[in-house]
Amino acid sequence: MKILITEKIAQDSVEYLVDRGFEVDQKLGLSQDEIKSIIAPYDALIVRSVTQVNADLVGAATSLKVVGRAGNGIDNIDVKACTAKGIIAVNTPEANIMAAGELAVALSFATFRNICIANEAARRDDFRRGQMIGNELEGKTAGIIGLGRIGSIVARKLKGIGMNVIAYDPYISGESFDRVGAKRCATLDELIEVSDLITFHTPKTKETYNMLDAEKIAKCKKGVRIVNAARGGLVNEQALYDALVSGQVAAAGIDVFDKEPSYDKAPGEQNYQNKLLELPNCVVTPHLGASSHEANHNVGTAVTELVAKALEGELVAAINMPSSSGNMAFLRPFASLAEKLGKIYYQAEKTPVRKIEVCYRGELAKQETGILTLSVLKGFLSALTTERVSFVNVRQSVEERGVEVVESKTTQVKRYNNLIHVKFFTEDGRELSVNGTVFGVDTEVLVTFFGYQMNFELAPMVIAMQNEDVPGIIGKVATKLGENNINIGSMHWGRKPGSGKAQSFIAIDEMVSDSVISELESMPGVLRVTQLDFS
Ligand code: NAD
Ligand code: MLT
């Protein structure tokens, strides 16, 4: 499978993908149009913040299955467009937050102590320190806008240097403010009117774009310092320029721009213009927040692992999939089982289904099981369509086929600590169900099948046979398979009490021909034979 990487990520992560057998092309500095013109054959695309994975690019990406955002913000990914095409979008939200938080603190120091102005002056042989006097941070008020992962790191660090920390974030609980010792501001104005330092840590949204404009800057304390290491455009650049010139804002530390330059081109290879670059009291860094060796390593490792696993069909935490509260390790074997339970129906039955109900019992009921339900649906749909169905668009595809999907949970257990119970309600009014559980770490076991009690360890290929519950049939079937040179891995049979029928599951090494199935079906006492492919 082919992976395109359009922005720089750690080299050892690229090698990890190559070692895992992927064909990797790292092409840096391409324009959007160039990326669009080459994207068609790629199965995965890995980007940082510059490449715009918009509807236009997604439209041209006919083979794309996974988009990996090497980093945190997802404002350059059109998640809706990806979802509509079944493309899994993954990012690495935790991997660079320390680096970004530390850069915001570094920019804060730089703006209070004129570090960059002094550095440049000294190199021009100008050592007149009297012209470079700054202010101390201790005892001043730091206003943090957006108290999420990075905002909280910054809050803790600024508190540690003796600043009075206040924050504005209407979307989080009071506890989050208490945890970092920040006073909660009810409004943005409440924060900006008293802050000596304002630092931004929100995503770029319709609400946050230009949230500090000329009108708001006028409300700030005269001589305020402003830091933006979050996303370009949160502070209106023209308004900031004017305020830096007038002195309303004493200094700014800007890591991100409304329109970003290329971060891969050498000097002279692009003509990037931004008026903020003209001002000595504006300290500028080239979107450097995540650029520590530690973060590069973390981000590269995290994104390449996620992309590789997603391409290999493993369940990964994705932006456009239900969250799993980080409990992937526990859920992963159940997801694999769930997909197999979903796969059983159309291999064993032909009547259309009008409703699927998935019930989780035991410990599982305490988990976020959305991804398990999607796994059931993925398995269910696999027999019906050749169009690409992934975790991200499977529910929509099933519902578009008129199948209602219901999920229920109970912590009550009977025989098994955990159970996935899938009921298929057919259009002719029947209810057929399959139950399964996981023993040990990853042993997937089918415990009921359409009313028959089983205890069958699921194998990649299985013959499912319904027969009269009379002596002698199993032996004859085994002999018939032997005569056809078919190796049996294991065999299990279960009964439906009072029905006079039994159900056998036979694990085989390879799928058998239709003629063998017909031979088995023509044997006395054998009622029905189907093959189940879980490979
Ligand atoms: P996060 O999701 O953990 O936190 C964002 C916080 O902003 C949330 O608590 C949210 O409630 C709050 N928020 C949203 N809208 C708001 C509004 N209108 N007013 C106030 N608060 C609002 O995100 P994070 O991981 O802390 O990242 C913060 C920002 O930093 C993002 O924009 C991310 O893209 C950016 N980032 C930049 C760099 C860099 O290299 N400069 C590196 C990593 C992250
Ligand atoms: C991020 O959102 O992770 C950062 O902006 C870093 C980056 O994209 O390089």
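Phe534 sits in the segment after strand E22 (526-533). Strands (E, at least two residues) and helices (H or I, at least four) are DSSP runs, numbered from the N terminus. The model is predicted: local features need pLDDT of at least 70, side-chain atom pairs count only at pLDDT 80 or more, and totals for chains, interfaces and linings use all residues. Residues are numbered from 1 along each chain as its sequence is written, and side-chain values use heavy atoms, with hydrogens and water left out.

Phe534 counts as buried because its relative accessibility is 7%. Buried means under 20% relative accessible area, exposed means over 50%, and partly exposed lies in between (1.4 Å probe, protein chains only). Residues up to four places away in sequence aside, Phe534 touches Lys340, Lys343, Ile344, Gln347, Leu458, Ala459, Pro460 and Val462. A contact here is heavy atoms within 4.5 Å. Phe534 and Leu372 are 162 residues apart along the chain, and 16 Å separate their C-alpha atoms.

## Overall build

The protein holds 17 helices and 22 strands. Its C-alpha atoms fill a box of roughly 105 × 50 × 35 Å along the principal axes. The radius of gyration is 30 Å, whereas a compact globule of 535 residues would have one near 24 Å. That radius is taken over C-alpha atoms, and the globule rule is 2.2 Å times the number of residues to the power 0.38.

Of the 535 residues, 52% count as buried. Among contacts with a separation of 6 or more, 65% come from residues 24 or more positions apart.

Charges come next. The mean positions of the 58 positive and 66 negative charges are 3 Å apart. Lys and Arg count as positive and Asp and Glu as negative, while His and the chain ends are not counted. Each charge is placed at NZ of Lys, CZ of Arg, CG of Asp or CD of Glu.

Helix H14 covers residues 370-382. Its 13 residues reach 18 Å from first C-alpha to last, close to the 18 Å expected at 1.5 Å a residue. The expected span is 1.5 Å times one less than the number of residues. H14 is mostly covered, with eleven of its 13 residues buried. Among them are Ile371, Leu372, Leu374, Val376, Leu377, Phe380 and Leu381. Lys378 is also one of the buried residues.

## Positive phi

Most residues other than glycine have a negative phi. Asp125 has a positive phi near 75°. Asp125 lies in the loop between helix H6 (115-123) and strand E6 (141-145). Asp125 is exposed, because its relative accessible area is 63%.

Phe450 also has a positive phi, about 45°, and is not a glycine. Phe450 lies in the loop between strands E17 (443-449) and E18 (452-457). With a relative accessible area of 12%, Phe450 is buried.

Arg225 is in strand E10 (residues 224-228). Arg225 counts as buried because its relative accessibility is 8%. Beyond neighbours within four places in sequence, Arg225 contacts Thr111, Phe112, Asn135, Asp196, Leu197, Ile198, Ala250 and Ala251. Arg225 and Lys414 are 189 residues apart along the chain, and their C-alpha atoms are separated by 63 Å.

Leu277 occupies the loop between strands E11 (249-254) and E12 (282-284). At 45% relative accessibility, Leu277 is partly exposed. Leu277 touches Tyr272 and Val284, not counting residues up to four places away in sequence. Leu277 and Met454 are 72 Å apart, C-alpha to C-alpha. Lys501, in strand E21 (residues 501-508), is partly exposed at 34%. Its contacts beyond four places in sequence include Tyr452, Asp469, Arg495 and Leu527.

Technical notes
Chains are lettered from A and ligands numbered from 1 in the order in which they are written.
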